[in-house]
Amino acid sequence: MVRKTIKVNYLARVEGEGAFKVVVRDGVVERAELSIFEPPRFFEAFLRGRAYSEAPDITARICGICPVAYQMSSIHAIEQALGVQVAGPLRDLRRLLYCGEWIESHTLHVYMLHAPDFLGYDGAIDMARDHADAVRRGLALKKAGNEILTLLGGREIHPINVRVGGFYRVPTRRELQPLAEKMKWARDAALETVRWVAGFDFPDYERDYELVALSHPDEYPFNEGRIISNRGLDITADAYHLHFEESHVERSTALHSRLRERGAYLVGPLARFSLNFSRLSPTAQQAAREAGLGPACANPYRSIIVRAVEVLYACDEALRIIDAYQPPDQPAVQIEPRAGVGCAATEAPRGLLYHRYRLEDDGSIAEARIVPPTSQNQASIEADLASFVGQWLDLPDDQLRHRCEQTVRNYDPCISCSTHFLRLELDRG
Amino acid sequence: MGEAVAGRVLVLGVGNPGRGDDGAGRAVAQALRGALPRAIEVAEADGEATDILARLDGASAAFLIDACASGAPAGTVHRFDVSEAPLPQGAFGVSTHGFGLHEAIELARALGQLPSHCVVYAIEGASFETGAPQSPLVAGAVVEVASRLSAEIREEQAHA
């Protein structure tokens with residue numbers, strides 16, 4: 001029997017620490033395993049006993065790239081538990097903050113982490129020597145996203161201005177104006193980004209994923225919507241636990257999440273895009289079409305184009321919000337603590353992020369549950385590897401290993417968040 | 001690329017003060033604030049590469065101070081002139097993002113944005129635990145680096 005093992009012990013250009021192993025027997029991929037050995041972080045446990053008002057600042061610490069996602073899922077879940085509705089300009093400002101995070105997080109991944117795979121470089125530094133203009137554009141675009149976080153969030157990493165019920169301070173119209181000028185530049189840069197990545201060579205692989213994302217009748221989803229799939233799932237966040245289950249897998253410190261009825265599923269840009277194409281701005285839809293994307297995309301390698309399209313959308317949406325903005329009378333709505341249970345899902349750059357909280361009478365947190373996107377995508381990452389690797393077995397080990405790494409990076413996995421990245425082991429027999 | 005003469009001079013302390021000795025670089029920047037000629041920009045950063053890169057852009061000279069963990073005794077001060085050669089690998093792996101000072105410097109070099117004079121001071125840390133106080137040996141090194149940097153910058157200004 002011919003055995004081959006592909007093993008990558010530390011995956012580079014992903015957030016956190018993980019590894020993967022692919023076992024091949026007689027030319028057939030027997031199994032692919034993603035291991036996450038980033039230590040567990042116990043966030044759910046140390047939220048217990050804390051005041052509800054501390055949740056956005058504590059959960060923001062789960063990730064330095066997508067802190068807004070953690071803040072947003074936590075405040076929406078807690079507001080539901082407390083019977084609070086946040087609408088109007090406060091809701092718009094939350095979307096604007098999310099635009100900033102998508103711009104900075106997606107741009108970092110597109111330019112610094114993923115593009116080198118397509119252009120044949122070991123990393124962004126090597127790529128920058130030959131593609132300096134593109135890298136400069138990427139850095140400036142990322143910075144534009146960070147500027148939204150700085151203005152609305154008080155600082156660019158781990159924002160401190162978000163609270164249950166709204167914000168601590170809201171901006172004036174005048175304070176937002178310089179951001180509008182920046183976003184006009186960013187929109188052009190985002191369109192150039194879509195055109196740049198559309199010119200890359202993509203492996204011709206598709207998979208029949210169950211795509212899961214939020215869906216809202218009037219908007220491309222950030223903060224609000226039903227959780228839907230291309231196979232008929234259509235639920236509110238309250239029913240999440242009835243349809244999804246987490247289980248511990250020995251090789252990973254991050255829990256694996258599966259659909260109870262059907263197993264592996266996919267969250268993130270491909271899912272959002274394919275389930276919500278018609279809610280993208282006209283500019284983003286047109287750019288997607290020109291980049292060769294249909295109204296749905298099942299090729300995970302093309303996720304880099306989808307991310308670029310989402311950055312373009314986020315710039316458009318940021319401009320729309322800034323243009324229409326009228327400051328609210330109060331920076332936050334009044335809150336009375338009470339006992340209750342609340343659930344919410346929002347769209348982190350990497351996909352659906354679910355939070356559930358049970359609060360005591362005094363508003364302290366009795367229980368918290370957090371299901372990050374990377375944990376939900378682990379099974380699909382493994383299935384991608386198992387499905388694609390078989391076609392590359394003739395490649396030399398180093399090229400094969402690189403293809404596998406690229407496949408994992410399609411997901412922009414945030415291992416730090418999900419543990420709560422990567423070694424590759426290829427066992428060819 | 002600006003000329004080394006009469007350009008913007010940046011002193012940048014890098015680190016996370018919430019992680020014990022990782023804040024050493026920023027402590028040096030704080031000690032130098034107000035103690036240098038007014039034209040010199042003294043700033044602090046948390047160590048994220050693209051942020052450092054943006055700060056380096058347009059500077060003719062930069063002095064970066066960071067903590068490191070190369071295995072030398074705590075409080076050891078290293079000085080590297082990175083104008084021509086990269087930082088030695090391995091000692092600056094403390095950043096949780098794997099994308100820190102070394103990457104910022106090399107990306108700046110690849111993009112032609114590295115100040116023509118660029119020096120890194122690194123202070124060997126003892127403890128990088130969350131919330132830990134600064135180690136006494138590191139506190140001593142902070143004073144030493146502040147004094148060496150102040151002298152080095154004044155010397156260069158005199159010759160500029």
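Of the 160 residues in chain B, buried residues make up 44%, where a residue counts as buried if 20 or more other C-beta atoms, placed from the backbone, lie within 10 Å of its own, as exposed if 12 or fewer do, and as partly exposed in between. This is a predicted model, in which local features need pLDDT of at least 70 and side-chain atom pairs count only at pLDDT 80 or more, while totals for chains, interfaces and linings use all residues. Residues are numbered from 1 along each chain as its sequence is written, and chains are lettered from A and ligands numbered from 1 in the order in which they are written.

The secondary structure of chain B comprises four helices and five strands, these being DSSP runs numbered from the N terminus, with helices (H or I) of at least four residues and strands (E) of at least two. Along the sequence, these elements follow the pattern β-α-β-α-β-β-α-β-α. Among the contacts in chain B with a separation of 6 or more, 77% join residues 24 or more positions apart, a contact being a pair whose C-beta atoms, placed from the backbone, lie within 7 Å.

Chain B and chain A each give twelve residues to the contact between them. On the side of chain B that touches chain A, the elements giving two or more residues are helix H2 (49-56) and helix H3 (101-110) of chain B, and the largest share, four residues, comes from H3(B).

Within chain A, the axes of helix H10 (residues 282-290) and helix H11 (residues 303-324) come within 8 Å and cross at roughly 160°, the axes being lines fitted to C-alpha atoms over the stretch in contact, with angles from 0 to 180 degrees between N-to-C directions. H10(A) and H11(A) are therefore roughly antiparallel to each other, a term for angles over 145 degrees. A:Thr283, A:Ala284, A:Ala287 and A:Ala288 in H10(A) meet A:Val309, A:Leu312, A:Tyr313 and A:Asp316 in H11(A).

The table sets out the two contacts by residue class, with Ala, Val, Leu, Ile, Met, Phe, Trp, Tyr, Cys and Pro as nonpolar, Asp, Glu, Lys and Arg as charged, and the others, Gly among them, as polar.

| H10(A) with H11(A) | six residues | one residue | one residue |

A:Arg48 lies in the loop between helix H1 (43-47) and helix H2 (55-60) of chain A, and A:Arg48 is exposed, with 12 other C-beta atoms within 10 Å. Leaving out residues up to four places away in sequence, A:Arg48 touches A:Ile365, A:Ala366, A:Glu367 and A:Ala368.

Key. Two residues are in contact if their C-beta atoms, placed from the backbone, lie within 7 Å. Angles under 35 degrees count as roughly parallel, over 145 as roughly antiparallel, 65 to 115 as roughly perpendicular and the rest as oblique.
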